[in-house]
Every structure is written in C-alpha cells, then in structure tokens.
Amino acid sequence: MSVLVVRPRASGGLAAHVDQELEALAADGIAVHEADVQIQDRPSPLVDLTTVRTLRRLLASACPRAVHAHGLRAGALSALALPRRAPVRLVVTLHNRTVGGPAVRAVGAVLLRILARRAETVLAVSPDLAEDARHAGAKHVQHAIIPAPHGTGGPAARVTAPPSKASAAGDTFDILVIARLAPQKGLESLLDAAALLAVEQPPLRILVAGDGPLLGRLRARIDAEDLPVQLLGHREDVGELLAGADLVVSAARWEGQPVSLQEALRAGRAIVATDAGGTRWVTGEAARLVPVGDAQALAAAITDHVDDEVRAAAEQASRQRAAQLPGRREMTAQLREVLLGPPPPMVG
C-alpha cells in the first residue's frame, strides 16, 4: 500500500471529493486504500481511542508511505496514531471551519495544533483555514485543489451555454441557488434580500435547489411574507437548472471551494455571491462578490444583473474563468507531489 486515506463520517462535497481522490489515485497507478474507521463529528473518548488503535494496527500491518486524512478530527486522530519516528508522511486536508461556542472552538484549536505539528503538509480549502494552520504551527501549507466531481482532465474546457433568457418579453427572471438548507448557507440573508427586491419587470423568482434541516423554517417564512422564493428540494438535474437560470446566487456565511459555483462558471452563468471563505478562490473576478450577511448589498447586486448588458458581461467572465479552473489532472498531480514526492522545503 502506498497511501492510506482517512475520512470522517460526512456527506456532500467532502465525501464526493474523497471518492474522487480514491478514484483518481487508483487511475494514476497509486496503490490506495481507505481506512475502515468511523470518525464521529464530535469527540467521543471511547470511540476516538478505538479509532487511534485501529489506525495504529493498519499502519503497522500495511506500512503505507503516506496517510491522507480529511478534516480536523481525522487529521488529529491520524497524528496521534502515527509513531513519532515512523517513516510515514502525514498530509491533512482541512475542509471546514470549527463552528460553535467557546468550548467547541477551544477543542478545535487543540486538535489543529496536534495535526499541524505532525503533518508534513496541510492542504486548506480556503484562505482563512490556511492562515489558521500556519498560526497553529503547520510546517508547509498549500491551497487544496478541489475540482467539481465531474471535472476530468486539465483546466475546465469552455462550456457553450445558451444565453440567459430574461430579455424575452413576459419571461420570468430566474435566480438559482444551489445549497443545503443549513445555517452555513446564509439562506435567512437570502430571504432578507428577496424581501428587498423591487424588480417587477420581468417578474423575478428565486429557485432554491437543496434540502436540509431549515426546510420548515424557511418555508414558513416564505409563505408568511409571500416571498418570490420556491424551495425545489433535492434535485439531480442541476445541469438543466443551470441552463435555465438567468443568475446564480450564493448567500453563504462560509464556503470552502463551492462546487455549485464551479458548475455555474462552467455553465456560463452570471454569479452573485458572498465573499465567504474560499469563494473568491473559485470565482476569481468573474462573480460579483458582496459582504457576508449584507442583504441590501445582495439585493442590489441581483437587481443590477437584471440588465441584459451587465448580465452578458458577467456570463462572458464566467466562461473565461471556467477555462482557468483546475480539474482532476491538477488535483492528482498535487496529491502525488504531497503524498509521494520529495519532502517540501522547510519553512523557517
């Protein structure tokens, strides 16, 4: 075995990225195996001790050249499992910010210091996570390449997408939001912005694709305030939704490298998004970015994009940015380098 991958119990983008990594490394001829451990979302002394012991047995029996752990807890537990002088390289990808009260954040800071001092390389999905890792003592920090799962090959090919359609008389101006209905996605701010929108021609409609724990609360507010928002639930036809949208919006409080915005760029859609986490890493200058939680700025940016010329320029910028996005080839090259390549230069 060359690489042992350790992942937390997760779904969504993190799980899709780990699946993509396993497939890409195997296709590149690298012997890769996923550790059979269950890493919980929150600390559990007994379960965590069992995880560390299981990882130690795996390391002793399989003798991998490298361990790639995804997430804060997976990284810390992997660091604790590695013998101090073991000739095994530890690489950790940080995917999410620690959210919670002071006690939760304090525990997160301890875990980050544990993994930062043991890992040879920390890959961070956003600038704030990279800065946190450096502050915690990480020796070598890189920007993690997290392409949309369907991206194969090198930089994304330019996508020929139909122009947005709202200029036709009587058409609805469709705004698409692709997001899990969870606090991180800033959907309350989105509804605040919807209440401020005064565009009447063409009629405006916000379509939210996704499900999650806030479904009932959001639906109740939409009905009570008669907002122009439709909750579509979980959808498998994201490509078709993007093709039919006039504008893609993200109101997130924090993001790593949002796959939905990568898909919007490749579809050539105009984008308005909050300047959250790693969003700017994905969109570059192609999107109109507004401050997190600023519903007035979000509503104003949406209103600006009703103008056909503004939207056409934004769509062209999205197509240009899509051609620059890294794909699976770049991700695989980065992983091969940090997992199996020569040691990175020391920082000091």
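Guide: Strand S10 is covered on both faces: Leu247 and Val249 on one side, and Val248 and Ser250 on the other, are all buried, where buried means under 20% relative accessible area with a 1.4 Å probe and protein chains only. In a regular strand the side chains alternate between the two faces of the sheet. Strands here are DSSP runs of E with at least two residues, helices are runs of H or I with at least four, and both are numbered from the N terminus. The model is predicted, and local features need pLDDT of at least 70, side-chain atom pairs count only at pLDDT 80 or more, and totals for chains, interfaces and linings use all residues. Residues are numbered from 1 along each chain as its sequence is written, and side-chain values use heavy atoms, with hydrogens and water left out.

S10 pairs with S7 in the parallel sense over 2 bridges; two strands pair if DSSP finds at least two bridges between them. The bridge partner of Leu176 in S10 is Val248. S10 is also joined to S11 by 4 bridges, and these two strands run parallel. Here the bridge partner of Val248 in S11 is Ile271.

Just after H9, Gly268 takes a positive phi of about 70°.

Helix H6 (residues 187–196) packs on helix H11 (residues 295–304) at an angle of about 60°, with their axes 8 Å apart; axes are lines fitted to C-alpha atoms, for helices over the stretch in contact, and angles run from 0 to 180 degrees between N-to-C directions. H6 is therefore oblique to H11, since angles under 35 degrees count as roughly parallel, over 145 as roughly antiparallel, 65 to 115 as roughly perpendicular and the rest as oblique. Ser189, Leu190, Asp192, Ala193 and Leu196 of H6 meet Ala295, Gln296, Leu298 and Ala299 of H11.

Terms used
Contact means heavy atoms within 4.5 Å. Buried means under 20% relative accessible area, exposed over 50%, partly exposed in between (1.4 Å probe, protein chains only).
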